[in-house]
Amino acid sequence: MSENVLRLEDVTMQFGGVVAVNNLSLEVNRGEIVALIGPNGAGKTTAFNCITGVYEPTNGQVSFEGKVIVANHPTGKMKKNYQGLNSEKYLHIKPVDPTPDQITKLGIARTFQNIRLWKSMTVFDNVLTAKHMRAKQNVFTATFRISAAEERRMREETMALLEEQNLVQFKDDLATSLPYGLQRRLEIARALATEPKLLLLDEPAAGMNPQETEELGQFIMQIKEKYDLTIFMIEHHMDLVMKFSDRIYVIDFGKLIAKGTPAEIQANPKVIEAYLGVTDDE
Amino acid sequence: MDLRKNKKRDGICTAVALIAMFALLLIMELTMKSTSILFTVLKKGVIYALVAVSMNLLNGFTGLFSLGQAGFMLIGAYTYAILSMPVAVKLSDSVYKYYDCAIGFELGIIPSMLLAGVIAAIFAMLIGLPVLRLKSDYLAIATLGFAEILRAFFQWDAMGPVTNGANVMRQYKDLTKVTIPFTDIRFPPTLFCFLVSGICIAIIVLLINSSYGRAFKAIRDDEIAAEAMGINLFKHKEMSFVISSFFAGISGAMLAMFQYTVQAAQFKSAMTYEILLIVVIGGIGSVTGSCIASFLFIACNEWWLRFLDESANNILGMNLLRSGFRKVVFSVVIMIIVLFFSKGIMGDKEFSWQRIFDFFHKLFHGKKQAVEEVSGNE
């Protein structure tokens, strides 16, 4: 169980003079639900973007299932301005800068903080399109319907996914016409369609009430079991985080300030300080 | 509602409509005078329909605002003219007056047309490598620039042995040279244009409805999400660009056949704007819209508004109607369309038999029942 699926080492993301993520090192083991929490602007989404190839980190490396998928060290002007640590450690490593689709192909799927469904497409097509990456057909066989069998299989799988998410009744509706909670669900369904091993959820419960949040937690547990997933999520709802995650990482101003089980985190004075601030008279 | 039954019904309706259209065309061509303006409009309309649909694939379905269509038509037209021109003509100085033609062979009509598409696609691939990394307006500017460069390149003196410089290309195999395979019987020219365009548009529609078409639409809707779901942005954009240019090349070849002569100076950016106008009037993201708009545009431009150019008519004693006045009226019509139908004739919807049937249903059975029917469908 302790096998690393995702491993971040000294990941630093510096935009000009701003260090958004500062020497972040963490591990996510197979079959775990790990949460990344922190106050607003702590750099959580930036960390996600570094993992998924949206940003190229300034320094550090990310490995997935033991293989380095992202690596970099400060170059050019950044060499002088770099404010993080351990830059010499990665100098000998060849920078790896994949595009997001390459990362997804490896088996890391993500959802977005602000929902990014394909607006003009139906619910069904949203999920079906995500299956495009794993399809073996090429543009010729797809156009002339030579690969019709594969297309049929993709449609059946999409239908099964929608059934499981209770979205079948909406399948011909526009994705954006769904209620907010269901749009979040659809985004997860779409991510699942890419057949991931690791699922990155960026604030899956944002904008949900306590009951919906509880349901979402159950749902995450469910898909984790069914698809043998590892889940790494950013979340603000503490009840969700505390109840469902195995381990928690806390970052503030880009720096890791605490890690541990939910009980440990709740008792950690540094975390309380980061969230509530310190009062002068103490 | 039984969806599968409806699908079958729609398929039959489409097939019947297509057969009827081709039969009607054949009868018209056999009975009417071939110089009739109607045929000119139909031929030019269907050629523009193909290039408009190919532009729609790029602008409407992949969300790439590209303005290079005239350039790719130019490549197609010239490739066709050069390849299909008989060797005897190339050797004599009736066309290549100031140059010695460097292409010492000739090809049939169909191979020339296919190669016209392929050469346009190869150029698109090369241009796409740098250009497709740009977004929105910048992409439009870059493609427009490349189209102009292509035009200048084809008129370049050093290219003379191939392109005949800035001079007119003619005496290649035009529409009158099309014959029914293995015979010497002339193939009806309008029917030929419809057949070629029809096949090309059908292929584009099949592509749009395939998995790749969905990936194109995903890129149009949200690039970041598309990339995160494993769609390689550059690969798919390049694919869309190349395929679109291939069909623009074929329509360029047909335009050359239709016109009997072809000259690089004709393929200015104004031509791209005409095509863009057709796409916008028809509805960005609608294939049927592009087709309808293309016929409307060509008919207005070449036929219905022609009378405005005739200076013989006097209204209120003023010589209002003179050559060029057509363009004024045309501009006003376009402004009205853009102001009041900003999504075009079809929006992003396609022609559907269901809506036609619903319409007639409403007409015959009164409004109330039809509304019930519609709500029942949902």
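Is the crossing of helix 2 of chain B and helix 11 of chain B left-handed or right-handed? In this predicted model, the crossing of these two helices is left-handed. The report starts with helix packing in both chains, then turns to backbone angles and aromatic rings.

**Helix packing**

| Helix pair | Angle | Axis distance |
|---|---|---|
| Helix 2 and helix 11 (residues 233-259) of chain B | about 165° | 8 Å |
| Helix 2 (residues 37-61) and helix 12 (residues 269-282) of chain B | about 75° | 9 Å |
| Helix 4 (residues 123-130) and helix 6 (residues 148-164) of chain A | about 120° | 9 Å |

With an angle of about 165°, which is over 145 degrees, helix 2 of chain B and helix 11 of chain B are roughly antiparallel to each other. On the helix 2 side of chain B, the residues in contact include B:T40, B:K43, B:K44, B:I47 and B:Y48. Helix 11 of chain B contributes, among others, B:S240, B:F241, B:I243, B:F247 and B:F258. By class, the contact of helix 2 of chain B with helix 11 of chain B has 15 nonpolar, five polar and two charged residues.

Helix 2 of chain B also packs against helix 12 of chain B, at an angle of about 75°. Because angles of 65 to 115 degrees count as roughly perpendicular, helix 2 of chain B and helix 12 of chain B are described in that way. Helix 2 of chain B makes this contact through B:Y48, B:V51, B:A52, B:M55, B:N56 and B:N59. The partners in helix 12 of chain B are B:M271, B:T272, B:E274, B:I275, B:L276, B:I278 and B:V279. The contact of helix 2 of chain B with helix 12 of chain B divides into nine nonpolar, three polar and one charged residue. B:Y48, B:V51 and B:M55 are listed in the contact with helix 12 of chain B and also in the contact with helix 11 of chain B.

In chain A, helix 4 and helix 6 are oblique to each other, and their crossing is right-handed. The contact is made by A:V123, A:F124, A:V127 and A:L128 of helix 4 of chain A, with A:M154, A:R155, A:T158, A:M159, A:L161 and A:L162 of helix 6 of chain A. The residues of this contact of helix 4 with helix 6 of chain A divide into eight nonpolar, one polar and one charged.

**Backbone angles**

Most residues other than glycine have a negative phi. A:D10 has a positive phi, near 50°. A:D10 lies in strand 1 (residues 4-15) of chain A and, at 7% relative accessibility, counts as buried. A:R145 also has a positive phi, of about 60°. A:R145 is found in the loop between helix 5 (139-143) and helix 6 of chain A, and its relative accessibility of 35% makes it partly exposed.

**Aromatic rings**

Over all chains, the structure holds 15 aromatic pairs. One of them joins B:F153 and B:F154, edge-to-face, at 6.1 Å centre to centre and 80° between the planes. B:F153 is partly exposed at 29% relative accessibility, whereas B:F154 is buried at 6%. The rings of B:F246 and B:F247 have their centres 5.1 Å apart and their planes at 85°, so this pair is edge-to-face. B:F247 is buried at 6% relative accessibility, and B:F247 is also listed in the contact of helix 2 of chain B with helix 11 of chain B. B:F153 and B:F154 belong to one aromatic cluster with B:Y78 and B:W156.

Technical notes: Residues numbered from 1 in each chain as written. Chains lettered and ligands numbered in written order. Predicted model: local features only at pLDDT ≥ 70, side-chain atom pairs only at ≥ 80, totals over all residues. Heavy atoms only, no water. Axes fitted to C-alpha atoms, helices over the stretch in contact; angles between N-to-C directions. Helix = DSSP H or I, 4+ residues; strand = E, 2+ residues; numbered from the N terminus. Parallel < 35°, antiparallel > 145°, perpendicular 65-115°, else oblique. Left-handed = near helix turned anticlockwise from the far one by under 90°. Contact = heavy atoms within 4.5 Å. Nonpolar A, V, L, I, M, F, W, Y, C, P; charged D, E, K, R; others polar. Buried < 20%, exposed > 50% of the residue type's maximum accessible area, 1.4 Å probe, protein only. Phe/Tyr/Trp six-rings, centres within 6.5 Å; stacked < 30°, edge-to-face > 60°.
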